[in-house]
Amino acid sequence: MACIFCGIAASKIPSKTVFSDDRMLAFHDVNPGAPTHLLLIPRRHIESLSELAPGDDELVGAMVRKARDLAKDLGLAERGFRLVYNFGDDAGESVHHIHLHLLGGRRLGWPPG
Ligand code: 5GP
Ligand code: ZN
């Protein structure tokens, strides 16, 4: 099955990419839930959090640190921001290539709806 995020990683599907290196990229969510809403994905297709292996620890840690750095660059660090992985139907996971949401720029409710 074709994967939207693999298509974005391969530049076959356009996206507003703000960061890219050999193992990950970050781009604006097409349907933003906050004034700033980025998605960070590994270039490699990892279907789900359940597929994560110990060998992915460095990649996932690097994604979290990159999200933190992007939040700072975008001026979100002072007021705050949220990092989220959705998993499964109850969380509303809709794209099956792991992605870290970075949301900020407004007061975010907790717990989420
Ligand atoms: P999930 O609900 O799986 O945690 O998050 C998937 C996210 O991907 C959603 O927030 C949705 O708006 C975003 N999304 C889905 N398709 C595309 C796309 O083609 N381009 C971009 N930039 N975002 C997408
Ligand atoms: Zn994929």
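Biologist: Hi! Is L52 buried, partly exposed or exposed, and why?
Modeller: Hello! This is a predicted model, and in it L52 counts as partly exposed because its relative accessibility is 30%.

Biologist: Thanks. Where is L52 found?
Modeller: L52 lies in the loop between β3 (36-42) and α2.

Biologist: Let's go on to α2. Where is V64 found?
Modeller: V64 is in helix α2, which covers residues 57-73. Its relative accessibility is 33%, so V64 counts as partly exposed.

Biologist: Which residues form a nonpolar patch on the surface with V64?
Modeller: F81 and L83 do. Together with V64 they have about 190 Å² of accessible area.

Biologist: New topic: cysteines. How many disulfides does a search of the whole structure find?
Modeller: The search comes back with 0 disulfides.

Biologist: OK, then C3 and C6: which one counts as buried, and which as partly exposed?
Modeller: C3 counts as buried because its relative accessibility is 18%, under the 20% cut-off. C6 has 26%, so C6 counts as partly exposed.

Biologist: What about the inside: how many cavities of 30 Å³ or more does the structure hold?
Modeller: There is 1 cavity of 30 Å³ or more. The largest cavity has a volume of about 40 Å³.

Biologist: Nice. Which residues line the largest cavity?
Modeller: Its lining is made up of L49, Y85, N86, E93, V95, I98 and H99.

Notes
Residues are numbered from 1 along each chain as its sequence is written. Chains are lettered from A and ligands numbered from 1 in the order in which they are written. This is a predicted model: local features need pLDDT of at least 70, side-chain atom pairs count only at pLDDT 80 or more; totals for chains, interfaces and linings use all residues. Side-chain values use heavy atoms; hydrogens and water are left out. Patches are made of residues with over 30% relative accessible area and no salt bridge: like charges are joined within 9 Å, nonpolar side chains (Val, Leu, Ile, Met, Phe, Trp, Tyr) within 5 Å. Accessible areas come from the Shrake-Rupley method with a 1.4 Å probe; for residues, only the protein chains shown count as cover. A salt bridge is a side-chain nitrogen of Lys or Arg within 4 Å of a carboxyl oxygen of Asp or Glu. Helices (H or I, at least four residues) and strands (E, at least two) are DSSP runs, numbered from the N terminus. Buried means under 20% relative accessible area, exposed over 50%, partly exposed in between (1.4 Å probe, protein chains only). A disulfide is a pair of cysteine sulfur atoms within 2.5 Å. On a 1 Å grid over the protein atoms alone, a cavity is a set of points where a 1.4 Å probe fits but cannot get out, and a pocket is an open set with protein on both sides within 12 Å along at least five of seven lines; lining residues have an atom within 4 Å of a point. Grid points are joined across faces, edges and corners, and a volume is the space filled by probe spheres set on the points.
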